[in-house]
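Subject: Structure handover

Hello,

Here is the structure I promised to pass on. Please open it beside this note.

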Amino acid sequence: MLQLGGELVLYSAVFVVVLLGTRSPLWTTAITASLYLFLAMFCFPQVTASRAHQVLHRARGSGQVSLVAHRGGAHDAPENTVAAIREASKNGAAGVELDLEFSADGVPILMHDDTVDRTTNGSGALSQMTLVDLGKLDAAAKHRLRDKFAGEKIPTLEEAVEECIRLQLTIYFDVKGHPDQAAAALKELFQKHPVLYNSSIVCSFEPKVIYRMRQSDPEVVTALTHRPWFLSRLGDGAPRFSSQWKHQWMTVMDIALDWAHHHILWKLCGISAFLIQKNFVSVDYVQYWAQRGVEVVAWTVNTNVEKEYYQEVLKVNYITDSLVEDCDPHY
């Protein structure tokens with residue numbers, strides 16, 4: 001009933017806006033009806049609430065809040081490595097968030113950036129490096145604990161998943177792009193490891209990725225990832241572009257994207273969770289999504305005070321860079 005009320009608000013708002021813009025009751029009715037028919041015909045239903053809950057709440061111990069290690073726990077071990085997955089498990093994580101990318105020869109690997117410069121002792125774009133090339137790099141070279149983890153390799157997606165399954169960790173697959181390639185790779189992975197249907201969730205900033213994943217396999221639990229002002233500003237709030245004109249244009253696009261995420265795209269993709277930057281989460285915000293059958297997951301929560309707030313007050317899952325100490329956030 002609450003979700004139906006939200007839909008009525010959406011269509012009413014569209015009706016009013018179009019009416020004010022066109023001054024034509026006929027065009028207003030036609031456009032609003034077209035939106036309704038589009039969503040009715042092309043949106044994916046959410047997976048069952050029970051299975052979404054099973055994936056999102058595999059918390060260790062008696063708590064209902066699941067702690068998820070960001071990039072495997074980028075503060076505690078080299079990000080997106082098997083070592084990070086093992087450290088996260090040892091430190092009590094219920095799950096790990098892992099970034100999916102591809103080598104030049106099309107092998108799914110774990111990497112956040114589209115180059116290897118920031119995290120390894122190598123340099124260059126992933127699109128120019130084969131799996132053999134990547135295998136020669138030290139994934140711990142730039143980490144603060146490089147001596148402890150010296151020689152750690154960039155893992156393939158398969159290697160990482162097998163380790164997560166062994167350790168009974170929930171996996172948040174963060175897909176950076178490549179909608180068709182990623183959907184095909186993940187579908188093959190889910191077919192090979194059916195346990196993933198009840199122990200993983202596919203997430204992305206790009207709605208096209210999630211929609212393509214649902215097209216490829218509608219049984220996969222999915223989530224949209226969002227940070228307000230993502231297009232116009234960096235994670236620390238600094239403008240993304242030096243051009244004032246481009247900054248203003250991207251700000252307008254940010255407003256449109258934020259509205260679309262909260263009113264259309266979530267329904268079109270049939271998501272089960274919404275991953276949102278921590279500064280924008282409140283009791284009311286959690287309730288907004290709960291009314292739509294969607295759970296909130298906050299990122300990146302890195303201080304003990306914040307963690308207590310999310311566990312005791314908001315009672316929502318959160319993603320963190322460290323399970324052992326306070327640290328600065330990764331954006």
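At roughly what angle do the axes of helix 7 and helix 8 cross? They cross at roughly 40° and come within 9 Å. Helix 7 covers residues 179–192 and helix 8 covers residues 207–216. Helix 7 is therefore oblique to helix 8.

Some ground rules. This is a predicted model, with residues numbered from 1 along each chain as its sequence is written. Local features need pLDDT of at least 70, side-chain atom pairs count only at pLDDT 80 or more, totals for chains, interfaces and linings use all residues, and side-chain values use heavy atoms, leaving out hydrogens and water. Helices (H or I, at least four residues) and strands (E, at least two) are DSSP runs, numbered from the N terminus. Axes are lines fitted to C-alpha atoms, for helices over the stretch in contact, with angles from 0 to 180 degrees between N-to-C directions. Angles under 35 degrees count as roughly parallel, over 145 as roughly antiparallel, 65 to 115 as roughly perpendicular, and the rest as oblique.

Back to the helix pair. Pro179, Asp180, Ala183, Leu186 and Lys187 in helix 7 meet Lys208, Val209, Arg212, Met213 and Ser216 in helix 8 (contact means heavy atoms within 4.5 Å).

Next, the salt bridges (a side-chain nitrogen of Lys or Arg within 4 Å of a carboxyl oxygen of Asp or Glu). The structure holds 13. One joins glutamate 219 to arginine 51, at 3.4 Å from N to O. Glutamate 219 sits in the loop between helix 8 and strand 6, and arginine 51 in helix 3, so the pair ties together parts 168 residues apart in sequence. Arginine 51 is buried at 13% relative accessibility (buried is under 20% relative accessible area, exposed over 50%, partly exposed in between, with a 1.4 Å probe and protein chains only). Glutamate 219 is partly exposed at 45%.

There is also a network: salt bridges link Arg71, Glu79, Asp113 and Arg118. Arginine 118 reaches glutamate 79 at 2.8 Å and aspartate 113 at 2.7 Å, N to O. Arginine 118 is partly exposed, at 37%. Glutamate 79 is buried at 10%, and aspartate 113 is buried at 17%.

Last, the backbone. Arginine 71 is buried, at 3%, and has a positive phi near 55°. Glutamine 168 has a positive phi too, about 60°, but is exposed at 60%. The peptide bond from tryptophan 299 to threonine 300 is cis, with omega near -15°.

Best wishes
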